[in-house]
Amino acid sequence: MLFPPAVLFLVFVTFSCHQGSKLTLPAKCHLYILPPFGSDKEAILELVTSRSNAQRQEVVAAYKCSFGQDLIADLKYELTGKFERLIVSLMKTSAYHDAKEIHDALKGVGTNERCLIEILASRNNRQILEMVAAYKDAYGRDMEEDVIADTSGHFKKMLVVLLQGTRDESGVVDADLVEQDAQDLYAAGEEQWGTDEAKFIMILGSRSVTHLRMVFDAYEKIADMSIEDSIKNELSGDFERLMLAVVQCIRNVPMFFAKRLYKSMKGLGTADNTLIRIMISRSEIDMLDIRECFRLAYEKSLYNMIKDDTSGDYKRTLLNLCGGDDDLAGEFFPEAAQIAYKMWETSAMTKVQLRPTVRPAPSFDPAADAQALRKAMKGFGTDEDAIIDIVAQRSNAQRQEIRQAFKSLLGRDLMKDLKSELSKNLERLIIGLMLTPAEFDAKMMRKAMEGAGTDEHSLIEILVTRSNEEILAMNAAYKNAYKKSMEEALHSDTSGFFCRILVSLVQGAREEGPADEERASADAQELADACNAESDEMELKFMSILCTRSFPHLRKVFQEFVRCSNKDIEQVIRNEMSGDVKNAFCAIVRSVKNQPSYFADRLYKAMKGLGTDDRALIRIMVSRSEVDLFNIRKEFKDTHDVSLHEFIQVETMIVSRSPCQLTLLFAFCGGLWVCGYCTAV
């Protein structure tokens, strides 16, 4: 140490001195202390956060030797609120801090299962055994007995397995056992009716990290789905959350904690206990890697999110523990660069089966549906429920048959009748459903450009996420409906380099097919070199690659970009570009990385805060309902810790039971109609 622990008494002495005096400290330091007038919190947080945990223990011991008082007790007396919790927790050893968190999670009415999951899924054998011993010493009780008394079922069994601290840490991998474990997991879940939970507990609770990573890869080849998806299909409740946490920690501990930190701060309010626990427990282990994973996953540095979400001395202490703003740093730390490279590799290898929420109705009769719709609109009033019941449960192809049958049988235009009978958002939604996908996209492009101002985000979302075939069909529909090419409209309504990006995308000429590894390396190097060029040259080079290469190829390009630049492509775009150009390129990167996640984020932004962007909500729900809305639902739940169904329910005030809201929930979130209400599947 540069200074002995006694130096810290300069700030702590205000707790024990009542008049001016001369103190002789253990480290031969003679300090004259003036009468105290409250504690110097700024000095406390600076000194405590600049010492390691081992050094803090020396400070605690030296304090007692010098003053005969308990430093932690004095800190509790002098400090208050979240700042007190944070500083006091920092002064405990890691084992005693974890033991206290487990104790607090179990005591009182109710159990904090998420805290139990986080700690027991992420700690190694040594940390668990030290925590169990600390719990016994601090509370005179056996941790295993308390966990058994407060939990139940398979969740309890897995917690008890983890509490033993006996996971294989040898690092030796038996290839035959890897294949056997993968096959056993498949047989225990996806291959049979029902689930053999004991097999999942035995394998995931005892095998080594290296072994399990190989098991997960082998499992995906056998089951044609990830182990995470199988767990979600086969397990439920706290047991499902625990097993998913174990898998996430096996794959990537820093990413697990990055997600936990994000969820602790997003939305209204902050889960301070979670935030404090993670920042303390990881600050001397892998905080740099967590920071980089956070920035990769959420387009914002952990430092800035803490800065925006907390205040006062509490905020300053957390920022000191965080250690730096990665938005300013730009480059990866060496270990984090490897994580980022691996993340792109995983993204490229992951087989995602796109799943819709709306499918063709069985026993479909377009003539009967046409007659039923006419009956719902005839006479006094409109039977909106009947219209919703038909339209929301038919595929788009079936709706086109209904349109044709309506005109053939009744000599009337179904679209005109619907417009005359419905109003506001319900009209927009039902009409959107009755249009073909190409007509709907063309109309959404038109709406984004008409009137005063342009909805650039809508233009970006549509052109970035549609296939060549969809863009060409949309172009034809636009020309047919508005007697003007979409390219001409874009030229009229946008300008500069942003216009050039949109025009490039609207050609519908993006390459298709797998990645060319040699060419991907060359493209990545060109992008890295362009980062040092003038702004116009950089944007032109990015457009020439990002707007023309296939998505599988771009995944490889972005992965190689990490290798040759030590930077994340999205962070470079955010730092070096601005406005709509930045937004367009970021949308491409995010769609390449994980398109359902991109749409989940768009839906969240459409509904969060005051007011709802109904047009964006309708556009995404309609356009993705027969493509990948099930996947979007999954990403929404994983990212925001609430189902899309529940979020729509809250944000559109389902208590009013407006037909538009019920339609969104019923048709698109994959709900079941129960007693007039919609419930998620």
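Colleague: How do the residues of the lining of the second largest pocket divide into nonpolar, polar and charged?

Modeller: This is a predicted model, in which local features need pLDDT of at least 70 and side-chain atom pairs count only at pLDDT 80 or more, while totals for chains, interfaces and linings use all residues. Residues are numbered from 1 along each chain as its sequence is written, and side-chain values use heavy atoms, with hydrogens and water left out. On a 1 Å grid over the protein atoms alone, a pocket is an open set of points with protein on both sides within 12 Å along at least five of seven lines, a cavity is a set where a 1.4 Å probe fits but cannot get out, and lining residues have an atom within 4 Å of a point. With Ala, Val, Leu, Ile, Met, Phe, Trp, Tyr, Cys and Pro counted as nonpolar, Asp, Glu, Lys and Arg as charged, and the others, Gly among them, as polar, the lining divides into eight nonpolar, three polar and eight charged residues.

Colleague: Which residues lie nearest the centre of the second largest pocket?

Modeller: The second largest pocket has a volume of about 460 Å³, a volume being the space filled by probe spheres set on grid points that are joined across faces, edges and corners. Helices α25 (396–410), α26 (414–421), α28 (437–449) and α30 (468–482) each supply at least two residues of its lining, where helices are DSSP runs (H or I, at least four residues), strands are runs of E of at least two, and both are numbered from the N terminus. Of the 19 lining residues, those nearest the centre are Arg403, Asp413, Met415, Leu435 and Glu439.

Colleague: Which helix gives the largest share of the lining of the second largest cavity?

Modeller: The second largest cavity holds about 30 Å³ of space, and its lining consists of Met444, Lys447, Ala448, Asp455, Ser458, Arg615 and Arg619. By class, these are two nonpolar, one polar and four charged residues. Both α28 and α38 (614–624) supply at least two of the lining residues, but the largest share, three residues, comes from α28.

Colleague: About how much space lies in the largest cavity?

Modeller: Among the residues lining the largest cavity are Leu463, Val464, Ile471, Leu505 and Cys547, and the whole lining has six nonpolar, three polar and two charged residues. Helices α29, α30 and α32 (496–506) each supply at least two residues of that lining. The space in the largest cavity comes to about 70 Å³.

Colleague: At what angle do the axes of α29 and α37 cross?

Modeller: Contact means heavy atoms within 4.5 Å, and the α29 residues that meet α37 include Ser458 and Val464, while Ala584 and Phe599 are among their partners in α37. The residues of this contact divide into seven nonpolar, six polar and four charged. The axes, which are lines fitted to C-alpha atoms over the stretch in contact, with angles run from 0 to 180 degrees between N-to-C directions, come within 9 Å and cross at roughly 65°.

Colleague: Why does Ser311 count as exposed?

Modeller: Ser311 is found in the loop between α19 (302–309) and α20 (312–322). Buried means under 20% relative accessible area, exposed over 50%, and partly exposed in between, with a 1.4 Å probe and protein chains only. Ser311 counts as exposed because its relative accessibility is 52%.
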